[in-house]
Amino acid sequence: MVMRFVADQLFASHGGRELRLDLLLPDVSSPLVIVIHGGGWREGSRKDEGLEWLVSEGFGVARIEYR
């Protein structure tokens, strides 16, 4: 399955910090899975999640940052 990757899209701003997301999308209309990485506000990044396999199964993926 073909995947489209859209990186660093601004989705919110809070306290002067921009919050961004990455979209991994199949080439067809599909359900969207929103992924919030673990790390307890101390470590980790949306970039750490290797979820391309979900796209190969027909799902879109939004990997988001949080504050």
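Reader: Which pattern does the chain follow, read along the sequence?

Author: The pattern is β-β-β-α-β, and the chain holds 1 helix and 4 strands. Helices (H or I, at least four residues) and strands (E, at least two) are DSSP runs, numbered from the N terminus. This is a predicted model, in which local features need pLDDT of at least 70 and side-chain atom pairs count only at pLDDT 80 or more, while totals for chains, interfaces and linings use all residues. Residues are numbered from 1 along each chain as its sequence is written, and side-chain values use heavy atoms, with hydrogens and water left out.

Reader: In what order do the strands form the sheet?

Author: Start with the general idea. Strands of a sheet pair through backbone hydrogen bonds, either parallel or antiparallel. Two strands count as paired if DSSP finds at least two bridges between them. Here 4 strands form an open sheet in the order 1-2-4-3, with mixed pairing. Strand 1 (3-14) and strand 3 are the edge strands, each pairing on one side only. From one strand to the next, the twist averages 20 degrees; axes are lines fitted to C-alpha atoms, for helices over the stretch in contact, and angles run from 0 to 180 degrees between N-to-C directions.

Reader: How many bridges join strand 1 to strand 2?

Author: There are 9 bridges, and the two strands run antiparallel. As examples, R4 has L25 in strand 2 as its bridge partner, and L10 stands opposite R20 in strand 2. The hairpin of strand 1 and strand 2 has 2 residues between the strands, and G15 takes a positive phi near 60 degrees there.

Reader: Which residue has a positive phi although it is not a glycine?

Author: That residue is D8, with a phi of about 55 degrees. D8 lies in strand 1. Its relative accessible area is 38%, so D8 is partly exposed. The cut-offs are these: buried means under 20% relative accessible area, exposed means over 50%, and partly exposed is in between (1.4 Å probe, protein chains only).

Reader: How many bridges join strand 2 to strand 4?

Author: 4 bridges join these antiparallel strands. In strand 4, A62 is the bridge partner of L23, and R63 is the bridge partner of D22.

Reader: How many salt bridges does the structure hold?

Author: First the rule: a salt bridge is a side-chain nitrogen of Lys or Arg within 4 Å of a carboxyl oxygen of Asp or Glu. The structure holds 2 salt bridges. R63 forms a salt bridge with D22, and the closest N and O atoms are 3.2 Å apart. This pair links distant parts of the chain, 41 residues apart: R63 is in strand 4 (residues 60-64) and D22 in strand 2 (residues 17-26). R63 and D22 are both buried. R20 forms a salt bridge with E18, with 2.6 Å between the closest N and O atoms.

Reader: Why do R20 and E18 count as partly exposed?

Author: R20 is partly exposed because its relative accessible area is 25%. E18 counts as partly exposed because its relative accessibility is 42%.

Reader: Which residues make the nonpolar surface patch?

Author: Patches are made of residues with over 30% relative accessible area and no salt bridge; like charges are joined within 9 Å, and nonpolar side chains (Val, Leu, Ile, Met, Phe, Trp, Tyr) within 5 Å. In this structure L32, I34 and I36 make a nonpolar surface patch of about 320 Å². I36 is found in strand 3 (residues 32-36), and I36 is exposed because its relative accessible area is 55%.

Reader: Is V35 buried or exposed?

Author: V35 has a relative accessible area of 12%, so V35 is buried. V35 is also found in strand 3.

Reader: What are the totals for the chain?

Author: Of the 67 residues in the chain, 30% are buried. The accessible surface comes to about 4,500 Å², and 54% of that belongs to carbon and sulfur atoms. Accessible areas come from the Shrake-Rupley method with a 1.4 Å probe; for residues, only the protein chains shown count as cover. Among contacts (heavy atoms within 4.5 Å) with a separation of 6 or more, residues 24 or more positions apart account for 61%.
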